[in-house]
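Welcome, and thanks for taking a look at this one with us. Here is a short briefing to read alongside the model.

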Amino acid sequence: MRSLTSHVWVGVLLVGLGTAGSACRGGLPVPSSDEPSATSTSYTAPPAETRTLTVTPPAPTSSSAPGLEPEAIDRVFQVYMNGLADHDMTALRNGTCPRLRETLLGFELNGHYVERWEMLPYSVPPGFEFVTVQAKVTQRDARTGRLAGDVVYSWYVERNEDTNYYVCGWLDGK
């Protein structure tokens, strides 16, 4: 048993030396007899080679996640907007994405309350996990209570990794 172990160690040592020797031959400078001093250790690296790599994402397969569902987008947007219009914080939080729920949520948009709202047509681009939706909002001045006209506002609606839909950002009005 002892002699087998010794033979294995000798073999490993020889393989290791052979590998190290071949690595050294290719990577370390070897002074030639043409150089004025055989003790010189200066080395000039060869020019770097530049390559361009183009990565093409794989084509979607039938096992990839389905596109956004307009019915789910409409449903969560309705919960969120009705929360704004009805001053219902529970509905507003239910429609708001989890990462924004702990922020300061309120019922005012630029100093106005939502009196009425109407969702505008939108399209769902393939392969995205979010969509921008717009609504025409009839505003009521939060301080005076008077109607303040109509404005179009935009929001992000997104689907998270659990496939739940949320309103995740109000984009200022037009």
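Is Phe128 buried, partly exposed or exposed? With a relative accessible area of 40%, Phe128 is partly exposed; that is because the class covers values between the buried limit of under 20% and the exposed limit of over 50%. Please keep in mind that this is a predicted model. The chain holds four helices and four strands, and from the N terminus on its elements run α-α-α-α-β-β-β-β.

**The chain overall**
- Of the 174 residues in the protein chain, 23% are buried.
- The chain exposes about 12600 Å², and carbon and sulfur atoms supply 57% of that area.
- Among contacts with a separation of 6 or more, 48% come from residues 24 or more positions apart.

**The sheet**
- Four strands make an open sheet in the order β1-β2-β3-β4, with antiparallel pairing.
- β1 (112–119) and β4 (165–171) stand at the edges with a single partner strand each, so one side of each has no neighbour in the sheet.
- From one strand to the next, the twist averages 40 degrees.
- Seven bridges pair β1 with β2 (residues 130–141) in the antiparallel sense, and Glu118 stands opposite Lys136 in β2.
- β3 and β4 also run antiparallel, joined by five bridges, and here Val157 stands opposite Val167 in β4.
- The β3 and β4 strands form a hairpin with five residues between them, and Thr163 in the turn has a positive phi of about 65 degrees.
- Although β4 is an edge strand, five of its seven residues are buried, so β4 is largely enclosed by the rest of the structure.

**Helix α2 and Leu84**
- Helix α2 lies across β1, β2, β3 (147–159) and β4, and runs at about 155 degrees to β1.
- Leu84 belongs to this helix, which spans residues 70–86.
- Leu84 has a relative accessible area of 1%, so it is buried.
- Beyond its neighbours within four places in sequence, Leu84 is in contact with Leu92, Gly106, Phe107, Leu109, Val114 and Trp155.
- Leu84 and Leu105 are 21 residues apart in sequence, and their C-alpha atoms are 9.9 Å apart in space.

**Aromatic residues**
- The whole structure contains seven aromatic pairs.
- In one of them, the ring centres of Phe77 and Trp155 are 5.2 Å apart and the planes are at 65 degrees, so the pair is edge-to-face.
- This pair links distant parts of the chain, with Phe77 in helix α2 and Trp155 in strand β3, 78 residues apart.
- Phe77 and Trp155 are both buried.
- The rings of Phe128 and Phe130 also form an edge-to-face pair, because their planes are at 85 degrees and their centres 5.7 Å apart.
- Phe130, like Phe128, counts as partly exposed, with a relative accessibility of 34%.
- Phe77, Tyr80, Trp117, Tyr153, Trp155 and Trp170 form one aromatic cluster.

**Cysteines**
- How many disulfides does a search of the whole structure find? The search finds zero.
- Cys97 is buried, with a relative accessible area of 1%.
- Cys168 is buried as well, because its relative accessibility of 8% is under the 20% limit.

Conventions. Residues are numbered from 1 along each chain as its sequence is written. This is a predicted model: local features need pLDDT of at least 70, side-chain atom pairs count only at pLDDT 80 or more; totals for chains, interfaces and linings use all residues. Side-chain values use heavy atoms; hydrogens and water are left out. Helices (H or I, at least four residues) and strands (E, at least two) are DSSP runs, numbered from the N terminus. Buried means under 20% relative accessible area, exposed over 50%, partly exposed in between (1.4 Å probe, protein chains only). Contact means heavy atoms within 4.5 Å. Two strands pair if DSSP finds at least two bridges between them. Axes are lines fitted to C-alpha atoms, for helices over the stretch in contact, and angles run from 0 to 180 degrees between N-to-C directions. A disulfide is a pair of cysteine sulfur atoms within 2.5 Å. Accessible areas come from the Shrake-Rupley method with a 1.4 Å probe; for residues, only the protein chains shown count as cover. Rings of Phe, Tyr and Trp (its six-membered ring) pair if their centres lie within 6.5 Å; planes under 30 degrees apart count as stacked, over 60 as edge-to-face and the rest as tilted.
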